[in-house]
Amino acid sequence: MQRPLSTLPLSSAVKAKLVTAGFHFISDLMNLKAPQLSREAGVSQQEAMAVLAELEQGVPPPSMSALQLLQKEAELQSIITFCSSLDGALGGGVPLGKTTEIYGVPGIGKTQLCLQLAVDVQVPQCFGGVGGEVIFMDTEGTFVLQRFAELAAAAVTHCSLLAEDEEQRVAMETFTVDTILSNTYVVRCHDYVELLAELRLLPSILAARPKVRLLVMDGMAAPFRPLLDDLSARTRHLGGVALQLAAVATGHDVAVVVTNQMTTRLLGGGRSRLVPALGELWGHALNIRLHLHWEGSQRLATIAKSPAHANVTVQYQISSDGFRDVDQSHAAGAK
Amino acid sequence: KFIIKVGTCPQIGSHSCLCVFTVEDLVSSNIEDLARRCSVSYKALLAIRRVLLAQHTAFPVSGADLYEELLSSTAILSTGNTSLDKLLDSGLYTGEVTELCGGPASGKSQVCFSVAVNISWRLKQSVVYVDTSGGMTAARLLQMLQVETDNTEEQMEALQRITVFRLFDVYALLHCLYELRGASLQQAAVGGGSVKAVIVDSVSAVLSPLLGGKQSEGMSLMIQVAFALKTMAKDFNIAVLVTNHVTRGRDGEVQPGLGVSWSHIPRTRILLERHEHTSTCSATLIKSSRQVPAH
């Protein structure tokens, strides 16, 4: 069966000219040279060369069998959160190569978890960490350097207490608060245009920094607030963002973590419910969704969506050391 | 609609100022007028037109022949879940597009995994899985296989029969679908069986950023994707399963995404819903040419 020209990524003006000239299928363009095409279709030489360049992409798309994918997944690690119950529920931690969304009401600990992950991704491999760098995209100005340094210091102390063999002691020399801070790249985005521009540059940034293993986007909802009166535009942008994040995560073996706020959905009859912001379509965008919420005075984390984990709820707390299990602090308090 | 090659009729070719470039132009133009303007005789033009019409007309086929062909080539693939099979009138039909729609976390990908595992392990046929969100996790497929069998070799063989494509834009999807038609389908058929199912999870993730707004191409690209999926299903006797999102109306009622134009594409549509309080999921048949919509 013939493949129509409209399935090629060409500009609509060029496509219109080709169709008027009678070229409908890719087979019509075979064995044509650029000057000939340019003459017959009435397009410029450059446009004709661009069209023929698209044709030469007759390579089969990359694929792998599920078995190869399984082997690849086994090699990819997860980023520990230092909250062992959450790590256990997630099968090791926040997985590399997948996109994760953290949503919850203000003050529940979303940014704290992001800062913790930004520290934890740098834990050396001999301690069971990933040993990678992190890009932190901050849209609401929530990145506070002092708090990040506190979390970094607590992690360094924790690891130095655990260091047993020579390899770990050597690794501790390069795992200090200073190196943690220098391996964290903070980007400040003030509105959705800057966010979209940053995402567009991301593949080249990641190519230049191959050690990055975590991308944090703290605050996806706030930059899109000006678009609330043009919801369909927002949905389109978010759809594009979702595809780009998925491409980045799978293409560069990076864990992408995005935080989102809650909004109220009116259910009719005077009832309402708190739901994640950014609309229905965004709910499908990311692979894993973690819902952080209160129950009384206890903080809970629920896996609301995941392709490979059960929907469990675990307890956690935010201490001066960072994102931790509940039990640890009680044990520390008892001491 | 092909360009008239200059060799077939040099006189017409040399009179290109007559604006006759394609077969369509010749067949629809006034022959008397054309005969007067170029040096070809009226009779010759008439003969040329008759030949072109004969070459390019569609052939009518009798309904009985179509039915016979359908009976011999259609297969019904079980999804692995008996109640879902019942909803689908015994399973996924090859030659058709079936759609699974639902809200976030309603289980669409899980059903797709289950279908892939069932076809590759139980039916020993190959499956092509197109993943547009990065959600395909082979560890989950293995978990499902481990429930069916303890034999590691059988598990590995079943995993080898599932080919995964990861694509994140519509042109890559179209390229993949046309390449599959070309040669890749034979390559994807592993271990003796042929490719019996193509699963696209999710088709709305690549199509929804293109629709609406000032973009005029979105609709046409959506129809191109639909055409590629339907013809692949028909020509290669494959069951095509796609997933779609849902949109929420003003009073909370859910509708499948991608609009009215897409709604004609799948032959059968199933809506998956998760009930928060009972933590169960339900499946509703919302469109079918064979059954009455039911739960």
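A residue counts as buried when its relative accessible area is under 20%, as exposed when that area is over 50%, and as partly exposed in between (1.4 Å probe, protein chains only). Strands here are DSSP runs of E with at least two residues, and helices are runs of H or I with at least four, numbered from the N terminus.

This is a predicted model, in which local features need pLDDT of at least 70 and side-chain atom pairs count only at pLDDT 80 or more, while totals for chains, interfaces and linings use all residues. Residues are numbered from 1 along each chain, chains are lettered from A, and side-chain values use heavy atoms, without hydrogens and water.

Let's start with strand 4 of chain B, residues 126-131, where six of six residues are buried. In a regular strand the side chains alternate between the two faces of the sheet. Here B:S126, B:V128 and B:V130 lie on one side, B:V127, B:Y129 and B:D131 on the other, and all are buried.

Two strands pair if DSSP finds at least two bridges between them. These are some pairings:

| Strands | Sense | Bridges |
|---|---|---|
| Strand 4 and strand 6 of chain B | parallel | six |
| Strand 4 and strand 5 of chain B | parallel | five |
| Strand 1 of chain A and strand 5 of chain B | antiparallel | three |

Strand 5 of chain B holds B:F165, the bridge partner of B:V130, and B:T163, which stands opposite A:S65.

Now to the interface. With contact meaning heavy atoms within 4.5 Å, 54 residues of chain A touch 58 of chain B. Two salt bridges are counted between the chains (a side-chain nitrogen of Lys or Arg within 4 Å of a carboxyl oxygen of Asp or Glu). One of them joins B:E217 and A:K15 at 3.1 Å, N to O.
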